[in-house]
Amino acid sequence: MPFLLRRLATQRLFLQPRFLTTSATQVACNPDEPTFLQSVEKYYDSAANLSEVQPHTLAHLRAVDSVLRVTFPIECENGKYEVIEGYRAQHSRHRLPVKGGIRFSEEVDLQEVEALASLMTYKCAVVDVPFGGAKGGIKIDPSKYSVEQLERITRRYTMELCQKKFIGPGLDVPAPDVGTGPREMAWIQDTYAQFNIGDVNSAGCVTGKPLSQGGVRGRTEATGLGVYYGIREFLGYPEVQKKTGLSGKVEDMRVVIQGFGNVGYHAAKFFQENGAKIVGIGERDCAIYDAGGLNVEEVFKFYRTHSTFKGYSNSATIYDVSTRILETDCDILIPAALERQIGLRNAANIKAKIIGEAANGPLTPGAHEVLESTGKVVIPDLLLNAGGVTVSYFEWLKNLSHVRFGRMNKKWDERARSKVVALVEENAGRELTEAERKAIVHGAEEADLIYSGLEDTMIQACQETRQTAELKKVDFRTAAYINAIQKIAAVYEGSGMLFMH
């Protein structure tokens with residue numbers, strides 16, 4: 001085949017719509033249900049019609065600004081070479097830098113990356129983080145590669161981003177996602193620094209780094225903690241209590257988590273620490289359910305050791321088809337795995353009264369409508385899992401300021417509080433115990449400030465979403481999208497939108 005024809009054929013294959021083919025999606029979704037990207041666009045269009053924003057601004061915001069596709073060879077252990085495929089999409093640069101994770105997954109392709117980049121734009125706007133949206137990925141299963149190979153793949157991908165100006169503290173700031181973590185972020189940061197000698201802010205080119213490389217305390221658990229804060233807030237709203245019949249108290253809740261990675265584990269951990277009962281946990285190969293409750297730490301240690309829940313408990317039920325956990329009896333269901341886990345095939349079987357989207361796009365539009373029509377409350381992904389990007393923003397600020405949060409004011413605060421304690425002791429006629437004194441005098445550490453900032457951010461975003469939902473008479477997902485669209489449109493229109501007229 002001539003070169004030009006081969007190239008055109010490759011492009012046609014590359015541009016074909018892609019439907020996820022994971023077993024979970026096959027169980028959940030009908031063949032004619034929209035793809036992840038189509039789902040995001042459908043949600044956007046529904047909200048755009050109610051946003052009162054100018055049509056030309058809406059059209060601009062809907063489109064992805066820039067995309068990058070790269071391929072490069074990697075030597076395998078058998079001496080042969082494999083061509084690795086990677087992507088980076090920048091959806092909106094109304095704010096710079098753009099922000100979004102990098103995932104390692106065999107399911108990665110351009111369509112998924114574009115959808116996730118779009119969602120990141122709206123997510124940042126919902127929680128008032130001043131970033132545009134981006135996303136990246138490498139089409140590999142990281143479990144099939146050695147650490148040395150993963151490092152070479154990560155560094156080569158970063159080199160491509162550097163050469164194409166798709167990374168930088170003021171341009172595009174990646175973060176961890178599915179299949180990546182602090183280790184990969186450290187490799188990215190080091191590679192960027194080698195290509196940008198003298199850039200004093202190079203640590204800010206990526207977030208989610210280890211503490212030793214400029215990371216921030218609280219980033220690892222940020223998304224899971226944000227999920228907890230968000231669901232806790234919605235539980236407290238009288239209209240949610242009326243619709244679901246739930247008490248509004250976290251300690252009364254029975255919770256099921258699908259996906260036991262970083263987000264799912266920490267969400268389960270914070271719910272259990274605050275009195276909720278974790279009755280079900282699902283992973284790829286199987287799921288475990290126990291109406292009497294599961295010990296999150298013990299289950300996590302067992303799963304890490306054995307890579308399965310089988311054998312953990314004689315009293316628990318094990319599901320070989322892991323998606324069955326979505327349909328078990330509970331008050332709160334938290335899908336924390338991948339997109340399109342609940343579709344028209346299984347939406348009617350969901351028993352939970354509140355569905356909190358800790359993953360990106362776990363519900364199809366059809367499933368969302370089914371759940372809402374049957375009295376369920378869906379707390380959308382662009383709001384609920386924004387804890388990660390919020391704390392990434394804090395890490396970025398730390399890297400640009402070159403000082404740890406709390407370093408400048410911790411001792412000053414403690415001295416001021418000590419004086420207040422001394423006055424209280426004098427007037428009360430008794431001295432406080434050492435434990436009482438420490439609790440009152442203790443100045444805020446970095447983690448304290450991060451947790452406080454995240455909690456305040458989630459409370460504010462939940463309140464804004466609630467108010468818009470009441471004002472527009474829409475569900476919480478549509479309300480969150482409306483808020484995001486209006487905030488981004490204000491930036492575009494306020495700046496004059498160069499070359500748009």
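User: Of the contacts in the protein chain with a separation of 6 or more, what share joins residues 24 or more positions apart?
Analyst: That share is 70%. Keep in mind that this is a predicted model.

User: What secondary structure does the protein chain have?
Analyst: The protein chain has 18 helices and 12 strands.

User: How does the radius of gyration sit against a compact globule?
Analyst: It agrees: a compact globule of 501 residues would have a value near 23 Å, and the protein chain has 24 Å. Along the principal axes, the C-alpha atoms fill a box of roughly 95 × 55 × 55 Å.

User: How much of the protein chain is buried?
Analyst: Buried residues are 54% of the 501.

User: And which residues have the most contacts inside the largest nonpolar core?
Analyst: Tyr-122, Ile-231, Val-255, Phe-271, Ile-332, Ile-334 and Tyr-481, in a core of 88 residues. Helix α18 (residues 476-495) gives the largest share of this core, with 10 residues.

User: What does Ile-334 touch?
Analyst: Leaving out residues up to four places away in sequence, Ile-334 touches Val-227, Ile-231, Val-255, Val-256, Ile-257, Gln-258, Phe-271, Gly-356 and Ala-358. Another core, of 23 residues, lies apart from the 88-residue one; Phe-104, Ile-153, Leu-161 and Cys-205 are among its members.

Key: Residues are numbered from 1 along each chain as its sequence is written. This is a predicted model: local features need pLDDT of at least 70, side-chain atom pairs count only at pLDDT 80 or more; totals for chains, interfaces and linings use all residues. Side-chain values use heavy atoms; hydrogens and water are left out. Helices (H or I, at least four residues) and strands (E, at least two) are DSSP runs, numbered from the N terminus. The radius of gyration is taken over C-alpha atoms; the globule rule is 2.2 Å times the number of residues to the power 0.38. Buried means under 20% relative accessible area, exposed over 50%, partly exposed in between (1.4 Å probe, protein chains only). Contact means heavy atoms within 4.5 Å. A nonpolar core is a set of buried Ala, Val, Leu, Ile, Met, Phe, Trp, Tyr and Cys residues joined through side-chain atoms within 4.5 Å.
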